[in-house]
Amino acid sequence: MQSGTFHTTYASDVSLRPYWPQRIRIALALALALIFPWFADRYWLNLANTIAIAAIGAIGLNILVGYTGQISVGHGGFLAVGAYTAGMMAVYLGTPMWITIPVASFFTAAVGAFFGLPSLRLKGLYLAIATLASQEIIIWLLTHGKLLGIGESLSLPRASNNLFGLPLEWLGNNDFAFYWVCLAFLIVTVIFVSNLFRTRTGRAFVAIRDQDIAAQVIGVDLFRYKLLAFATSSFFAGLAGALTAHYRGVISWERFTIETSILYLAMIIIGGLGSVSGSIYGAAFMILLPAFLSNLARTLSDVVPNINSYLPFLQQGAFGLAIILFLIFEPEGIVKMWRNVKDYFRLWPFSY
Amino acid sequence: MRKRRRTFGWLIALALFATLLAACGGGAGGGAGGGASSEPIKVGAIFDLTGATADVGTPYSRGQTAFIEWKNEQGGINGRRLQLISEDYAYQVPRAEELYTRFVTQDKVLVFSGWGTGDTEALRPKITEDKIPFISASYSATLANPAETPYNFLVAPTYSDQLIIAMKWAIDDWKAKGNSGLPKFGYLINDSPFGRSPLADGTAFATSQGIETPLEVPSPRGATDLTPQLTQLRDYGANYIFLQNVSSPAALAIKNAKSLGYDVQFVCLNWCANEILINQAGADAEGVVGTVPFNHESEGGKIALDYARQKNIDYGGADSTFVQGWTAMSILVAGIEKVVADGKPLTGENIKAALETMGPIDTKGVTPPVQFSATDHAGLKALKLFRVENGRWVPITDFISAR
């Protein structure tokens, strides 16, 4: 909270980002995002797209875990539902992506609400195991794809990558074109979710997280809002999954295993539970960390011989180390660190 | 305490900033490359050294690295050195995508050697788009058709062919043992695209021979006991079990079957038919049959193994897998050599054309001569079956082909 700011109109009082430093930062971030693809090569575009898609998925998971307080280790499964729905529509019906993506998102929301049903009766670890079951059921259905009439993997036709009849290739190569698609979806997601928690529904989610019995007493319909949280969360998982399918062109269930679910949980824990920007930081951190380590090792390989043979083990270790260090030193995640940095400057030189 | 926490936060912020700088620096540095003929020829590769298939992934990677070193010691290609740019990807598709993109766009590798079925499939569209001649250790039949995957080359008989060859042998073996009627088949497979890759073609072949549809049993990843899976196969009455898996779980299955008292003939496809299986299953491995596409007891195999001994390369005693990695890389490099010999510029298109038109590639007896064509990228059609006798893989047939 910033002192010395006085709202004189209702509009300025309810605005999402009322302070000028916030607005400047957002403008800077947007400008950076708009300039970036013109200078980056395909490797960095590929990383940026991966981060954007992961951030959408992580924001979705954060709605459920960080805001509503329901544990889910089935996020990978919901990503798979989105990816396969979009993939099957593109392959068997030849549907373009501007139709498959929304359809896949809504379908995943429905599937998510269905698997959210146990949440009414179950809490904490019990719910975690129930969502684990949903993850395994979805992956089982996909590995036995013959049952559903789908194969082990799906290969999407390039022609399905078009927006309202305009092929994406017109924008440039696949990575460059998808940068804009992923960025647009990420921005829409961020605006939607940031505002969601200023509405009645969002406040109900937070009330359930803080104390579900109290929430029920003040008139929050637990059943309805828990299912709604599962549906909203899965909606974004479906969106991320559908984007993955169209961006990668080939999908197989190996991409959506339990490890993916855990990775997404790690993203929001490291980034910051209950924070939209935290989800983005967490996604960026978890995806850049291995890339950074291997780049570092190659730079060092001239100085330290044989570092490449240790690299795989360093990478595995670094992952665990990062999570433990965060849990010990900053359990509230990267977003809290960023806040500390901002506070330092805001209060300087009279920080006490 | 507050102060300390703040300092730590600053350190992290600084570290993140440094990360960003280093990352951007790395990005800018990648631009150079190509051109002058003294430049090394860059070969990209991803290996599984820590993931689910690391037991065979490690000796395979040692074979590929060793071949590049050996080739450079022999004078490289027309005086130009080969440079292998490789990294571990832990059998994870997203890691494979990231490394592939980095090696291709930043390091400008010319050809690429991949590993698993899942990641090779996932990279398919990119390989075609980037025009990178690509071999992998996945011999999935879907990669053999150049109309769909023009830059993927298969350097061994497809998994489907391997399974059909193994089934042909099994039917003959059943008759040779004086049994009447037809045997029952079962699959015990890796629970992944790799494991399931040959099953549809294999089942089609089996049913065309009048054999009942084989029972498919996946073995869970990281399982420590496969008795339930084997009991399922025993109840079904399988006489031959085809193992499409890597060595460690295959060895486990063989040992479990022994202690279960289940008398069955195991047939290993490519990735469990190696010395790791014998080391791990010990005496229980006796009599196991395998489809080994790369014969390490040959002139070419001897060159590779002698080199490993001379350089003290540790590949865990998996002779056949080491030779497989070596030979696979040698086939890819043969395409580069041909382009250089013809004096054409080194591009993906030219290497692809060279591999398709250069005629049979001699692997010095490790495999039959490898021949690609513009309509067929499965370079090999035939292989010998081997059996474990006295702790060694011994050939028991001549070259058999699937069709």
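1. A residue counts as buried if 20 or more other C-beta atoms lie within 10 Å of its own, as exposed if 12 or fewer do, and as partly exposed in between. Thr201(A) has 15 other C-beta atoms within 10 Å, so Thr201(A) is partly exposed. The model is a predicted one, and this note reads it as such.

2. Thr201(A) sits in helix H8 of chain A, residues 200-210. Setting aside residues up to four places away in sequence, Thr201(A) touches Leu196(A) and Leu228(A). Tyr264(A) is 63 residues from Thr201(A) along the chain, and the C-alpha atoms of the two are separated by 24 Å.

3. With 33 other C-beta atoms within 10 Å, Ser279(A) is buried. Beyond its neighbours within four places in sequence, Ser279(A) is in contact with Ala55(A), Ala58(A), Ile59(A), Asn62(A), Met267(A), Ile268(A) and Gly271(A). Tyr67(A) lies 212 residues away along the chain, with a separation of 12 Å between its C-alpha atom and that of Ser279(A).

4. Does the length of helix H7 of chain A, residues 174-196, agree or disagree with its residue count? At 1.5 Å a residue, its 23 residues should span 33 Å, and the end C-alpha atoms are 32 Å apart, so the two agree.

5. The buried residues of H7(A) are Asn174(A), Asp175(A), Ala177(A), Phe178(A), Tyr179(A), Val181(A), Cys182(A), Phe185(A), Leu186(A), Thr189(A) and Val193(A). An α-helix has 3.6 residues a turn, so residues three or four places apart point the same way. The cover over the buried residues of H7(A) includes, from chain A, helices H2 (20-39), H3 (42-67), H10 (222-248) and H12 (276-300). Helix H4 (117-130) of chain B is also part of that cover.

6. On the contact between the chains, chain A contributes 33 residues and chain B 33 residues. In chain A, at least two residues of the side that touches chain B come from each of H3, strand S4 (250-252), H12, helix H13 (307-329) and helix H14 (334-347). H12(A) gives the largest share of that side, 7 residues. By class, the side of chain A that touches chain B has 16 nonpolar, 10 polar and 7 charged residues.

7. Arg42(A), Tyr43(A), Asn46(A) and Leu47(A) of H3(A) meet Glu98(B), Thr101(B), Arg102(B) and Thr105(B) of H3(B). This contact of H3(A) with H3(B) has 2 nonpolar, 3 polar and 3 charged residues.

8. Within chain B, helix H3 (residues 93-105) also packs against H4(B): the axes come within 9 Å and cross at roughly 25°. That angle makes H3(B) roughly parallel to H4(B). The crossing of H3(B) past H4(B) is right-handed. From H3(B), Val93(B), Ala96(B), Glu97(B), Tyr100(B) and Val104(B) meet Gly118(B), Asp119(B), Ala122(B), Leu123(B), Lys126(B) and Asp130(B) of H4(B). The residues of this contact of H3(B) with H4(B) are 6 nonpolar, 1 polar and 4 charged.

Methods
Residues numbered from 1 in each chain as written. Chains lettered and ligands numbered in written order. Predicted model: local features only at pLDDT ≥ 70, side-chain atom pairs only at ≥ 80, totals over all residues. Helix = DSSP H or I, 4+ residues; strand = E, 2+ residues; numbered from the N terminus. Expected span 1.5 Å × (residues − 1). Contact = placed C-beta atoms within 7 Å. Axes fitted to C-alpha atoms, helices over the stretch in contact; angles between N-to-C directions. Parallel < 35°, antiparallel > 145°, perpendicular 65-115°, else oblique. Left-handed = near helix turned anticlockwise from the far one by under 90°. Nonpolar A, V, L, I, M, F, W, Y, C, P; charged D, E, K, R; others polar.
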